[in-house]
Amino acid sequence: MYLNCHTYYSLRFGTFSETELLDLARENHVSRLALTDINNTSACLNFIRKAEEAGISPIVGVDFRKGIEQQFVALARNNAGYTAINTLLSEYLYHRCDISSRAPELPGAFVIYPLQKAEENGFTTLKENEYIGVSVSDLRRLPFTVFGSMQEKLVVLQTVSFRNKRDYNAHRLLRAIDCNTLLSKLPPEEIAPEDEKMYPPENLYRAFEQYPRILENTVRLMDVCQVSFDFSEGKQGNNQQTYTGSREEDEQLLEKLCIEGIGYRYPEQRQMAIERMQKELELIKKKDFVSYFLINYDIVEYARKQGYFHVGRGSGANSIVAYLLGITDVDPLELDLYFERFINLFRSSPPDFDIDFSWRDRDDVTRYIFERFPHVALMGAYVTFNYKGVVRKLGKVFGLPKEDIDRLSEGNFQLYELDEPSRLVLKYGKLIEGMPSYLSVHSSGIIISEHSLHTFSATFLPPKNYPTVQFDMHIAEDIGLYKFDILGQRGLGKIRETIEIIRYNRPGETIPDIHDINRFKQDPKIKTMLESAQCMGCFYVESPAMRMLLKKLKVDNYLGLVAASSIIRPGVAKSGMMREYILRHQDPERVKQAHPILLKIMPETYGVMVYQEDVIKVAHHFAGLTLAEADVLRRGMSGKFRSRDEFKEVEDRFIGNCRSRGYDDKTIFEVWKQIESFAGYAFAKGHSASYAVESYQSLFLRAYYPLEFMVAVLNNGGGFYRPEIYIHEAKMLGARVRLPCINRSRMENRIIGKDIYLGLGYLKDLEDKVGYKLVEERDRNGEFTSLTDFVERVDISTEQLSILIRIGAFRFTGIDKYELLWLAHLRREVIPEDKNQYRMFAPQQKDFVLPSLQTTRLEAAFDQIELLGFTLCSPFELLKEPPKSRKGAHDLEYNEGKYIDIYGYLVAVKKTRTHKGEEMFFGTFIDQYGEVFDVVIFPPVARKNKFKGKGIYRMYGKVVDEFGFYSIEIVKMQKEVYRVNPSAEQ
């Protein structure tokens with residue numbers, strides 16, 4: 001009897017999930033009902049899936065509304081009708097137009113107009129598939145309407161939005177949030193009636209007992225509605241089924257491409273490569289993943305033709321077929337990659353391919369995919385109300401002052417201190433925390449389907465105007481739609497731009513093939529850089545934590561970097577196995593402590609689980625789980641499991657099997673603890689290897705083209721550190737870094753020989769349009785000869801001109817910037833700022849006599865800090881008092897176990913917590929000589945010594961050596977005072 005039920009996917013309106021709706025139906029002995037969320041189909045697929053499990057007959061559709069005002073409810077009679085409804089809703093969402101009061105033709109669907117709307121619009125003539133909906137509250141006035149005599153066209157339309165008073169309160173809060181108004185000022189028409197609840201069917205039958213025809217119509221309508229999808233384990237996938245149009249031709253093409261790749265990839269190991277290739281191809285065909293591989297190949301082939309760089313990673317990087325197709329650059333034979341991690345008969349989903357492109361190229365690749373394939377959409381995602389967001393939203397709804405909202409949001413309060421409105425915010429916040437707030441887009445997922453995406457849901461258009469489905473990746477996998485992950489990252493942008501910069505800065509020089517990874521693996525310079533952790537700018541290996549790990553492991557080769565790439569992940573560190581790995585790496589005798597079976601399974605990592613496939617190996621070979629059960633563990637580690645019960649079953653089986661094999665509980669639970677710690681954090685080995693390949697490419701460029709590389713790093717948004725740190729590194733590598741110049745700089749940074757000219761884009765207050773205008777004029781009509789020449793040629797305000805003068809962009813004139821500032825203001829009296837006021841002839845200019853003015857080095861430094869955010873001189877020059885200690889990073893190894901006094905310019909701080917929840921910090925600094933060193937501040941010291949932002953700190957602490965990595969355990973610390981800005985004293 002319920003044809004209009006809402007879930008919380010009726011965004012900022014509904015109050016419970018689709019599974020809770022089914023629970024409600026069971027409680028009320030309702031065996032059939034319709035899910036019709038407001039202008040949304042997010043819950044439909046999972047509702048159908050779960051309804052079948054619950055023994056309830058599902059009906060799906062959409063409650064089409066104009067704002068809060070219901071226009072009509074559309075119910076899918078069959079799958080074609082569901083597609084038609086999705087298509088109609090998508091049209092409305094694309095154009096963001098009001099939903100019309102009369103539904104268009106919807107073949108395969110029923111349309112129900114609420115009684116009041118039908119009255120207002122005079123809908124007395126109805127099509128065969130159109131009905132008038134009558135609620136319990138409508139029954140009193142039904143006899144007095146024209147529709148009282150049209151009972152063959154009437155059905156029950158009792159809306160369900162709430163379960164109880166609690167839900168109703170949550171609904172009112174959601175409506176106030178949506179309307180951005182105080183709860184006390186929320187208009188009554190924005191709130192649904194409190195009686196929109198579900199009642200047992202007998203109550204409805206009793207209410208409509210005088211209108212049996214309406215009940216019969218409703219039952220008959222519900223009986224013919226059936227939308228079904230295959231959610232079974234062995235279901236056929238819904239991704240595009242063929243690449244060429246024929247499965248046979250797809251298989252032939254895939255084999256042909258692989259054989260072509262053998263000659264290029266394996267000139268010496270052909271037979272071994274062919275055997276692995278054939279084994280993979282057999283399974284790929286059996287699992288029907290051929291088109292999936294070919295589509296990925298098509299995407300990277302397009303990118304290659306455009307000159308775009310890419311990195312293929314994910315579990316698919318374990319595949320030799322992917323390696324032969326050029327999807328990845330990871331050799332699975334060299335790394336002995338575990339085949340079953342990539343694909344096995346028990347794995348239902350295709351392997352993951354995360355394909356990274358430069359952040360500058362990704363949009364074009366996405367455009368190509370949408371144009372190349374017929375049924376494409378971006379993967380949807382839900383942004384839910386989290387604690388902070390709920391508190392801030394409800395704080396406004398209840399009218400709390402900003403300071404109270406901030407305090408609640410940060411959790412800086414004791415419950416007994418709070419007033420009543422603040423308590424209400426916390427109380428009601430629990431009602432809506434975790435509910436979806438709005439639809440968003442998955443960070444990388446693209447769906448390429450065999451059918452129109454409207455077969456599965458409506459689509460909407462996010463800012464980039466690509467159709468996006470209204471469900472997430474979990475629902476997509478349930479229905480057999482597996483995403484293609486297309487990502488953008490800045491590391492590849494750095495590599496590509498470095499090569500472009502080398503071409504213009506070193507014309508005629510031959511640049512080695514950046515994809516010749518085998519050459520890089522043997523390069524002595526790269527080995528030295530890795531061992532000394534001189535990796536700033538080089539992808540993820542530049543971070544302080546990775547730099548520390550490289551030194552502790554003394555990494556000097558590719559395989560060592562692959563392992564380090566995964567060991568650094570939180571899962572391995574959390575389990576304590578990072579430390580154990582380092583100990584076994586440095587002490588061969590300690591390896592003997594490993595469990596013999598674990599050591600046999602994972603000899604390369606000393607019996608320590610490091611990669612995702614290690615967990616599969618352990619589950620299969622150590623605990624005797626089937627590969628299907630081990631795959632449940634894999635999905636659990638990746639955070640992709642849909643059922644914690646299923647994961648718990650595998651855990652119980654793991655423990656039971658281990659006990660039956662005679663392992664003691666201490667060993668069993670120690671191994672299980674390691675497995676659990678991988679959840680959400682583990683890397684597949686091929687994935688780590690892909691990252692290592694990109695790191696090697698960056699390391700090569702830094703080793704042989706360091707200045708060009710650092711310019712590319714800066715132009716691509718840097719990385720782990722602030723721009724000034726990369727500028728400092730460039731200077732340490734021999735660059736002469738120049739301030740922005742109107743005759744040399746562009747918007748981005750630029751190198752000429754060894755001179756790096758900072759880009760105009762670094763000037764915080766300079767408008768982009770001014771910078772682009774300046775560069776365009778210079779490119780068109782040549783360099784500027786003077787301030788006067790510049791002012792006459794570029795339309796610029798006095799304020800914007802002052803920024804350029806103060807940073808020294810006119811230093812080529814040889815005139816002090818104080819004089820130039822005077823001249824700029826005086827010239828403006830002659831040359832108007834509005835170029836439309838120009839006369840036909842050049843204005844007559846007077847010669848002004850100015851007093852001698854001179855900018856000091858200190859004044860220039862403070863101007864740079866104001867305009868750029870940093871200074872090109874050493875920050876130690878700005879200290880009010882010179883350092884009382886000359887100690888630097890080079891002194892640490894000679895002072896192990898001793899206390900030293902050292903000064904450092906703050907580079908980065910990482911806050912973390914001990915297992916007791918106490919705050920502690922790791923810090924990275926630059927010493928007086930430009931070298932980097934690291935400190936650790938344990939909780940007792942951290943409570944008394946606070947970081948106070950960027951600047952120079954004087955620290956006193958003990959030098960410690962951990963596996964060859966030197967750092968300082970701080971005892972006390974204080975931030976040093978800078979000299980006063982001379983301009984501020986004037």
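## First stop: a buried glutamate

Select E629: at a relative accessible area of 15%, this residue is buried (buried means under 20% relative accessible area, exposed over 50%, and partly exposed in between, using a 1.4 Å probe and protein chains only). Before going further, know that this is a predicted model, where local features need pLDDT of at least 70 and side-chain atom pairs count only at pLDDT 80 or more, while totals for chains, interfaces and linings use all residues. Residues are numbered from 1 along each chain as its sequence is written, and side-chain values use heavy atoms, with hydrogens and water left out.

R653 sits in helix 28 (residues 644-660) and E629 in helix 27 (residues 627-637), so the pair ties together parts that are 24 residues apart in sequence. Helices here are DSSP runs of H or I with at least four residues, strands are runs of E with at least two, and both are numbered from the N terminus. Is R653 buried or partly exposed? With 41% relative accessibility, R653 is partly exposed.

## Second stop: a pair within one helix

Jump to helix 8 (residues 247-265) and pick K256 and E260, which are four residues apart and so separated by about one helical turn. Their side chains form a salt bridge too, at 2.9 Å from N to O. Both ends are partly exposed: K256 has a relative accessible area of 47%, and E260 comes to 46%.

Next, select E783 and R744. What is the distance between the closest N and O atoms of their salt bridge? The answer is 2.6 Å. This pair links distant parts of the chain, 39 residues apart: E783 is in the loop between helix 33 (768-781) and helix 34 (787-793), while R744 is in the loop between strand 16 (736-738) and strand 17 (750-752). E783 is partly exposed at 44%, and R744 is partly exposed at 28%.

While you're here, highlight E776, E777, R780, D789 and R793, which are joined in a network of salt bridges.

Find Q612 in helix 26 (residues 612-622). This residue is buried, with a relative accessible area of 5%.

## Zoom out

Time to show the whole protein chain. How many helices and strands does it have? There are 39 helices and 23 strands. The C-alpha trace spans about 100 × 85 × 65 Å along its principal axes. The chain has 986 residues, so a compact globule would have a radius of gyration near 30 Å, and the 34 Å found here agrees (the radius is taken over C-alpha atoms, and the globule rule is 2.2 Å times the number of residues to the power 0.38).

Color by burial and 57% of the 986 residues count as buried. Of the contacts (heavy atoms within 4.5 Å) between residues at least 6 apart in sequence, 69% join residues at least 24 apart. To finish, look back at the salt bridges you visited: a search of the whole structure finds 71.

Notes
Salt bridge = Lys/Arg side-chain N within 4 Å of Asp/Glu carboxyl O.
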